[in-house]
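Dear colleague,

I am handing over the structure below, and after it I describe what was found. Please keep it open beside this message while you read.

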Amino acid sequence: MRLTTSLLPLLPLLTAAQQQKPLSESLQSWFEKAKSYIPSAATAPITSTAAKAAANNVVTLTQSNWQSVLSPSSSNPSQGPEEWMVLFSGGNKSCYGRCAGVEKAWNESAALLAANPTAPHLAYVHCDRTPVLCTTWAVGVPTIWHIQLPVTGADQSRPATTIRKLGLNSTTVTAADIVKIHAEKTYEKRPVYEGALHPFDGWAAKAGLNVPLGYVLYAFANVPSWAFMIVISMGSRYFMSKRMGGGQADVNRAQRSAPLGGAPPANEPVAR
């Protein structure tokens, strides 16, 4: 009884500390607490439920639909840019079999974000199935792109599209880490991407060359290394033989222009 009485003054402090927790930490603690009450045999249905929630809330991007999907759904500039989070993942070829944990955390975060009315739009790219798209955008996996799509103004002017790249640790990433990107705006700690292969504002996109360039880069990326060695070897042999042939031609011309016999030409003075 004395111990309980002595702890009563600390209750307001504990309540205030709980209220000061970030939203992502609260979500993580609730999620872990919920999992602790569920037997391990029931984790498979939970994973399946998260995958179904992700399938309902996440759009799969392909080479043919990404331009229509990643476009503002509103025409009112006062609403501000439209927020998107795009996960780039892969299989054995592009991610070397290390992205299973990332996709599990992504599915769980999609289920958590579905209950948030301010949550961003979610999209997913599998780089083994859409390699040209990932090559066109120079994507490394696993990565999340945070995209802010601007709304076209009344004068048809379109501000720049803001993209920030957030690399993921394939072994330690959790659903709470992904939720933090939106809840705590951790994407603001990353620099804005302004590279030449920017899918909206890069020079290749503005010139309409991003798709052809993507196919060219993808073709080069899939050429075996021995083929490059053969081309380099043949090129070096060609130039060396041409150079050696040109040197021999100079020697032949010099020999043809030399006078017959050992006597020097008449206009050359004889050394004494």
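Thr136 is found in helix H7, which covers residues 131-136; helices (H or I, at least four residues) and strands (E, at least two) are DSSP runs, numbered from the N terminus. This is a predicted model, in which local features need pLDDT of at least 70 and side-chain atom pairs count only at pLDDT 80 or more, while totals for chains, interfaces and linings use all residues. Residues are numbered from 1 along each chain as its sequence is written, and side-chain values use heavy atoms, with hydrogens and water left out.

Thr136 is buried, with a relative accessible area of 5%, where buried means under 20%, exposed over 50% and partly exposed in between, using a 1.4 Å probe and protein chains only. Its side chain reaches the backbone oxygen of Val132 at 2.6 Å. Not counting residues up to four places away in sequence, Thr136 touches Leu197, Asn210, Val211 and Gly214, contact being heavy atoms within 4.5 Å.

The backbone has some features to look at as well. Most residues other than glycine have a negative phi, and most peptide bonds are trans. Ala138, however, has a positive phi near 55°; this residue lies in the loop between H7 and E4 and is partly exposed, with a relative accessible area of 43%. In that loop, between H7 and strand E4 (143-149), Pro142 also has its place, and the peptide bond from Val141 to Pro142 is cis, with omega near -5°. Lys185, which is not a glycine, has a positive phi of about 55°, and it lies in the loop between helix H8 (175-183) and helix H9 (203-206).

Notes
A polar contact is a pair of N or O atoms within 3.5 Å; within protein, one must be able to donate a hydrogen and the other to accept it, and residues adjacent in sequence count only if both atoms are side-chain atoms.
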